[in-house]
Amino acid sequence: MLRRRLNHLFGGDEKRVDSRTIYVGHRQCPGTEAFIAPKFCDNRIVSSKYTVWNFLPKNLFEQFRRIANFYFLIIFLVQVIVDTPTSPVTSGLPLFFVITVTAIKQGYEDWLRHKADKEVNKYLVTVLEDGRRIRKESERIKVGDVVEVVEDETFPCDLILLQSSRDDDTCFVTTASLDGESNHKTHYTVPDTEKDLESLTATIECEQPQPDLYKFVGRMHIYRSDQDPAVRSLGPENLLLKGATLKNTKKIYGVAVYTGMETKMALNYQGKSQKRSAVEKSINAFLLVYLCILLSKALVCTTLKYVWQSRDGQDEPWYNQKTQKEKDAYKFLKMFTDFLSFMVLFNFIIPVSMYVTVEMQKFLGSFFITWDKDFFDPEIQEGALVNTSDLNEELGQVEYVFTDKTGTLTQNNMEFIECCIDGFQYKNRDSCSELDSFCVTDGPVSKLHEKAGREKEELFLRALCLCHTVQVKEAGDMETVSEDQIDGLLPPTEQQKGFIASSPDEVALVMGAMKYGFTFLGLDSKTMKIRNRQNDVELYELLHVLNFDPVRRRMSVIVRSKAGETLLFCKGADSSIFPRVRSEEVDRIRVHVERNATEGYRTLCVAYKQLCTEEYVEVDAKLREARLALQDREEKLMAVYNQVETGMSLIGATAVEDRLQEEAAETMEALQEAGIKVWVLTGDKMETAKSTCYACRLFQRGTELLELTVRTLEDGGRKREERLHELLLEYHKKAVQDAPPAKLGVRRSWVTASQEYGFIIDGATLSLVLNSSPEASSTRYKSLFLQICQNCTAVLCCRMAPLQKAQIVKMVKNSKGSPITLSIGDGANDVSMILEAHVGIGIKGKEGRQAVRNSDYAIPKLKHLKKLLLAHGHLYYVRIAHLVQYFFYKNLCFILPQFLYQFFCGYSQQPLYDAAYLTMYNICFTSMPILAYSLLEQHIAIESLMDTASLYREVAKNATLRWGPFLYWTTLGIFHGLLFFFGVRCLFSNPALQDNGQVFGNWSYGTIVFTVLVFTVTLKLALDTRHWTWINHLVIWGSLAFYVFFSFFWGGIIWPFLQQQRLYFVFANMLSSVSAWLVIILLILLSLLPEILVLVLRKPRGPHRRQVAAVTPLSYKNLKERD
Amino acid sequence: MAASCWPASGFYREKKRNCSARTAIFDGGMMKNKEGEVANRPDNTAFTQQRLPAWQPMLSAGIVIPGFLVIGLVFIGIGVALFLGSQSIQVLESDYTGLNSNTPCYECSDASKKNCTCSIEFTLTKQFDGPVFLYYGLSNFFQNHRKYGVSRDYYQLSGDTAYFKNPSDSCSPYIYDSGVPIVPCGAAANSMFNDSFRLYQLVGGTKKPVPLDGKGISWWTDYNIVFRNPPLVNGSLAAAFNGTAKPVNWAKPAYELDTSDPSNNGFMNEDFLVWMRRAALPDFRKLYRRITQGDYAAGLPVGNYSLEISYNYPVIGFGGRKKIVLSNVSWMGGKNMFLGVAYLVIGSLCIVMSLVMLIVYAKYKFPEGDS
């Protein structure tokens, strides 16, 4: 980033213009101004953050930018500068530990990046220079170099394809490492370039580097000695991206256009937006509270100190006189340093180690998701993927799930079901399919068992065969094609051809056509070959492909048949085709389309148009012009497409079935039972989506559907806005006002609610709701809409554009109570909502890897969502919530006695505990058990969590991190702190605690309190642990043993580096006193007694909760049962 | 914060993962990728699947009620023992600050009086079982003040003569006495308690001295390991302290603390060691002497006694009090009713709770056997 910014600042003039000019092979071109070699960055990839030299300062700087570290640094500095009770080591050591561990980790990661960078940068590539092939390191490629790449190599930089070894001037690449799409993509050479690259003199003018992988515009000027320079347009299909791999092609030559950090891959590499979990927000809130406690403690102590000192004889007793310096100091300065000293003394209340522990917990904990074999999908040979570990606990907090339909709820495994040609229905069921005749069933129109005319049939099938971007798999690949089919539609004999396409619909359609006798044989240098029913091969010249895009929702091809006819075939969604064809044709087909949609099929309409020569010439010119445009090419192309695709005639429609995902219904049901609201956001038609919703049991038979679609709006024949307003109010009355009270209605009672509502809205209406007239009514609509939606069990939004999906997510996210949202999707169109939601989940589906790349978690199948949320999410949340609360608790009862001690030591900032104990408490004595707990705890068995989805509601709304539980823990901490201090205080009313009459001093006092403290907080955790694995046993008992061992060790040696030996034998002496033993046991038990009582008396958890709870508040039986 | 720094990041991660991902999808077939299967499938171990065998302790009624009962009984038992033990301890305590005219040592409370002695007479009507310990107690004296606590030089006290010349700064303002370094330096040593006591039994008008044993009153480790005298110079401890000054408040230098017994002199003087171990609270007592010898080894017999006090230590200036305590100890140390009472209360509480639970348990008629 910085480098780029610097480049912008210091770069040459060419940086300021919109495009760059590249001289192919660095050859000067005739007719251009003097050749000034423009400076581009070299081809070095730098993904590493640090170098050996700047590692220390840069890393330290970055670490201290974090507030917690900075706070501890300040404390440390205060300790160094001001005369404070504890030595700087006590806070310096933990800080040093934290910083060092993080630095080592980051250093290691950076070393790995360096290694990887080196591997890439030192990779040898072949460059053509002055007719010679030179091997040089990849990092030395300059813009303008002609690079040779052979099969299965990755491209070293972004190249414009000049020459391919394939005859048809194409090459195949996979972009698996860029966007994860593993299918082969075809790229084309720049048309009409010289075969001899040595003599090619050309310049390329293209836009400045930009990160969009799928956008590229440029122009190539080819200079020939005898002609005017020829201009060729360059698009993404000519650009080979760094990181992609050459496939199926022996070798290619390309000219480097973007190198190094300016390649699209490098530009795309950036940290994803930081999502913060709700738990983190809670932590920060608690932190603030504790900071206030800290400040007020220090303030109270400082005030009391001066009040106390003002009393006669207390300020400076004869036995403890002040130094001259102290006497001379200003009173207010003294007060201030006293205040700082108290701050330092109590600073342990804010635990430095909590951040480390939370990070460790998140990092290590996320492995359990990757390791889970239930998430492993044998079909794609992959398990779950965790892209961020920050959000583990957020999985347990989800209130809204936004799901895509295609590929998420459904398999995106298309099967051609039927088609309708000219109003006649052709079913394609295995039972009645014969190879070359259509099976006709009784549809509403085809009662007469009529068939459409043969001509129409063939036209339709030709359209299916021609209007697509499917590729035929090469023979070479066939060997690797295995027998097991995912598409069992066709018998293996027919399956000679493998098809590759970016969308499964297209394959299904081509296969459907094949079924009816029209086989697509392949595309061979702009010629499409199809075999018709008579087994003749028909050839069509492919003139133009008007690509599919989600806005137009259709695609077209322009072909020229052997007979010289120029035809345009178009297929697309009904809504985008119907307005562009004659209306009388529409009526015959619409019935079919709607019926198919209700059955849950995906429908496409097919239309065609014949272009006369003049028309074609005009269209051709426009298309070429638009393609050559350097700016706004997309918009210009779109305009031309829209212009061309008019006045077509409708031939027919297809229906393709998209099966439901495995266990989709069960998953949805479980989510709803868990109190999660499921919204389906799809680009599909309402009918299709609705039937999918029914199939997934999102809508049930009793569900009353509230529809807010273009159709319902147009019912009344009035203005849309008025009708919208009316409907909104009506629905609002129904769903919100007449519903049971909000609290019950929203959160608890949907199971028992008398009437369930489902809400349906479509994209057009949504935009009406969201951006209707600029007056205040818009926000009013929005809130009405939200309220209705929130009271519905399921919401279906159909006909959504990708951006609208994100809009909806955002709207819900920012609504009252800011609920936690989760988006799940598999395609590029879901990326926006995946990024928008609190938690984004990608399905490793068939629409490429874009969703997975942008997600926080990726899972192979929808059904895995259930375990991810109900088991993993719930457990992670409980674990981290407990971790946080426990951390604050244990530091509160750690520091409270020290605070209380100030009242007994003349507010002199005398520490109660020895420095070693202060330092080690959070690092060694109490850190491991809670870490183990927060990784391993299963307060409810995973099976029960999965079986009883409603358990998920117990942790909903951040249940264990709200102020109530926080107050409980804080009270507990205060109670324990008071008990520890005053218990020992009572004992010390007579400090003669040994049977030889000797007395104990202040360090014995502190050590007794500390021993009680360590044992109590550890045993408190032991009480909370419901799941004791050997690891828990090891760390809990190990920590206690370590404490005892350490105390003996620390007090058993005269430490030469210490100024004092105050703890020498204190611990051993303490253990020799029976009274000390007894008070320790007493205090530990007394502290834990309320806890045990609460544990016994509290509401039992687990699957039998309901039966048991109905009988008694006590839990004996249930608990026993679980043993 | 910034927890996102944990997962390894980089360009290359994605690539690695995809190496084993299958390639073609829509060709109707699938790449056979056996290696991928082995590499990708998560380990099926108990740990990775979160299925480690675990003990799930449940506090069921069957455990809790008897548990509470047992704990209660044990606590009551200990409590009774403690209570009786504490009861049996005899304590004789007397404040001798002399604030009021009718209290002992009133005559000495005037700070201007030097070398004042006073005495407290008392009568034992019951045998005072031995061994008897003599404590002195101070109130409102902040030995646990931080500045006071650090105001000492450990290296000096461990006999390192290098620090005799240059005492630690922490001793300030008790480092130098008119330019000569103070040994032992610091407020702690300087304020050493210097009242002394002599106990007499009054037998028929004569004062029979009760021998007071000054040995074994300090921690063994303090006496044998932590505190060391400087190496003798020409066999003389005094010579080792050459070039140093005594603490300003002391009447005599450290090497004259106990001239009668060289092993109790200098920094090894047990009174000094007792003093140097800081008390935990501003009201404290410290062991002064033990009565373990002669006729009194078994305790102080019935009779009249006189305690002679040489009153030197000023406490009135800072609102303090001094007291003298005669006490014997039990196995649990000195007299302290707190522990016994606490154990009794907690013990009974446990029993009450177990009873309450039993009642609730019986009332709800939990079928015990049918789990």
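Author: Two residues are said to be in contact when heavy atoms lie within 4.5 Å of each other. With that in hand, the part to look at closely is chain B, where 76% of the contacts between residues at least 6 apart in sequence join residues at least 24 apart. The model is predicted, so local features need pLDDT of at least 70 and side-chain atom pairs count only at 80 or more, although totals for chains, interfaces and linings use all residues. Residues are numbered from 1 along each chain as its sequence is written, chains are lettered from A and ligands numbered from 1 in the order written, and side-chain values use heavy atoms, without hydrogens or water.

Chain B contains 11 helices and 12 strands, taken as DSSP runs (helices H or I, at least four residues; strands E, at least two) and numbered from the N terminus. Of its 371 residues, 52% count as buried, that is, they have under 20% relative accessible area, where over 50% would be exposed and values in between partly exposed (1.4 Å probe, protein chains only).

One group of strands in chain B is an open sheet of four, whose order is β2-β11-β7-β8 and whose pairing is antiparallel; two strands pair if DSSP finds at least two bridges between them. At the edges of this sheet stand β2 (116-124) and β8 (206-210) of chain B, each of which pairs on one side only. The partner of β2(B) is β11, residues 303-311 of chain B, and nine bridges join these two antiparallel strands. Within that pairing, C118(B) has I309(B) of β11(B) standing opposite.

A further strand of chain B, β12, covers residues 321-328, and because six of its eight residues are buried, the rest of the structure largely encloses this strand. Strand β1 (residues 91-95) of chain B pairs with β12(B) in the antiparallel sense over five bridges, and in this pairing L92(B) stands opposite L326(B). Strand β4 (residues 132-139) of chain B also pairs with β12(B) in the antiparallel sense, here over eight bridges, with Y136(B) placed opposite I324(B).

Chain B also carries annotated helical stretches. The unreviewed UniProt entry places the feature "transmembrane region" at residues 63-84 and 337-362 of chain B; such annotations use the numbering given here, with shortened feature names, and may be inferred rather than shown by experiment. In the model, the span 63-84 of chain B is 100% helix and 0% strand, and its end C-alpha atoms lie 31 Å apart. The span 337-362 of chain B is likewise 100% helix and 0% strand, with 37 Å between its end C-alpha atoms.

Leaving aside neighbours within four places in sequence, D404(A) is in contact with L409(A), L681(A), K805(A), I824(A), G825(A), D826(A), D830(A) and M833(A).

Another loop residue of chain A is S277(A), which is found between α5 (264-268) and α6 (278-309). S277(A) counts as buried because its relative accessible area is 0%. When residues up to four places away in sequence are not counted, S277(A) touches K362(A), D390(A), L391(A), E393(A) and E394(A). Although 115 residues separate S277(A) from N392(A) in sequence, their C-alpha atoms are 8.5 Å apart in space.

Burial can also be followed along helices of chain A. Helix α24 (residues 763-770) of chain A has six of its eight residues buried, so the rest of the structure largely encloses this helix; the buried residues are G763(A), T765(A), L766(A), L768(A), V769(A) and L770(A). Helix α30 (residues 915-925) of chain A is mostly covered, as eight of its 11 residues are buried. In α30(A) these are A916(A), Y917(A), L918(A), T919(A), M920(A), Y921(A), N922(A) and F925(A).
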